[in-house]
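Please consult the sequence and coordinates shown here alongside the text.

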Amino acid sequence: MTQYERYVKYIKSNYFDNMKNYENIKFKNLILKGKAGGTPKSTIESYYNGEIPFLSIKDMTTQGKYINTTEKTITKEGLDNSSAWMIPKNSILYSIYASIGLVSINNINLTTSQAIYGIILKDNVNNSYIYHYLNDFRRFIHRFIETGTQGNINSNTVKNINIKLPPLEEQLKISNFFDLLDLKLNKIKNKIEIYKNFKSYLIQNMFI
């Protein structure tokens, strides 16, 4: 048994309860509402630069887990004349075109392009737990890309993902555990970036 395997065994036995008994359930059974967004016609100026946040995959890439702002906005007219819909905050945002499998949670009400599937979860599901689960599932997503498409999946693929679901209290424990690890990782990344910049500065100034 490797060091990592021993550590996983320790974590399972000391922090989480009855992992073998977690229920396997289709994602669609956890969804209260799920729908892809839409993009207002770019040629109509009155559809854009309004007060409604309009999420793109670029926003998800740059902000990561939590979405607090968007680069683009649309107007009420743009919303009414497209298939975009207002996704309430604390929903799951899942990319289904191009950069498939990106996951975020919105801290603000927003709309999205058709490249993003918005998901409102049922009350017995913790969105942070689902975030971590889907984020890990991204390593398998290439198996589900439709033949003949340029890296796309459809909503049925998303809804039929098998989710290993513990009770809500256990979901919270798991999501908090991984949030803590992410926090530590980000601190390490920040330190690495500081040392890289420091090294670069030294090299540029010492050899002149």
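The points below concern a predicted model and are grouped by topic.

**Sheet and the helix across it**

- An open sheet of mixed pairing is formed by 5 strands, ordered E2-E9-E6-E7-E4.
- Its edge strands, each pairing on one side only, are E2 (31-36) and E4 (66-67).
- E6 and E7 are antiparallel to each other and pair over 3 bridges; Tyr 94 has Val 103 of E7 as its bridge partner.
- Helix H4 lies across E6, E7 and E9 (116-121), and runs at about 160° to E7.

**Second largest pocket**

- The volume of the second largest pocket is about 380 Å³.
- Its lining comprises 17 residues, and those nearest the pocket centre are Gly 64, Lys 65, Tyr 131, Asn 135 and Asp 182.
- At least two lining residues are supplied by each of helix H2 (57-63), strand E7 (103-106), helix H4 (127-137) and helix H6 (168-206).
- H6 provides the largest share of this lining, with 6 residues.
- By residue class, the lining of the second largest pocket consists of 6 nonpolar, 6 polar and 5 charged residues.

**Ser 82**

- Ser 82 is located in the loop that lies between helix H3 (76-80) and strand E6 (92-95).
- A polar atom of the Ser 82 side chain is 3.0 Å from the backbone oxygen of Gly 78.
- When neighbours within four places in sequence are set aside, the contacts of Ser 82 are with Gly 38, Thr 39 and Pro 40.

Note on methods. Residues numbered from 1 in each chain as written. Predicted model: local features only at pLDDT ≥ 70, side-chain atom pairs only at ≥ 80, totals over all residues. Heavy atoms only, no water. 1 Å grid on protein atoms, 1.4 Å probe; cavity = no way out; pocket = protein on both sides within 12 Å on 5 of 7 lines; lining within 4 Å. Points joined across faces, edges and corners; volume = space filled by probe spheres on them. Helix = DSSP H or I, 4+ residues; strand = E, 2+ residues; numbered from the N terminus. Nonpolar A, V, L, I, M, F, W, Y, C, P; charged D, E, K, R; others polar. Polar contact = N/O pair within 3.5 Å; in protein donor to acceptor, adjacent residues only side chain to side chain. Contact = heavy atoms within 4.5 Å. Pairing = 2+ DSSP bridges. Axes fitted to C-alpha atoms, helices over the stretch in contact; angles between N-to-C directions.
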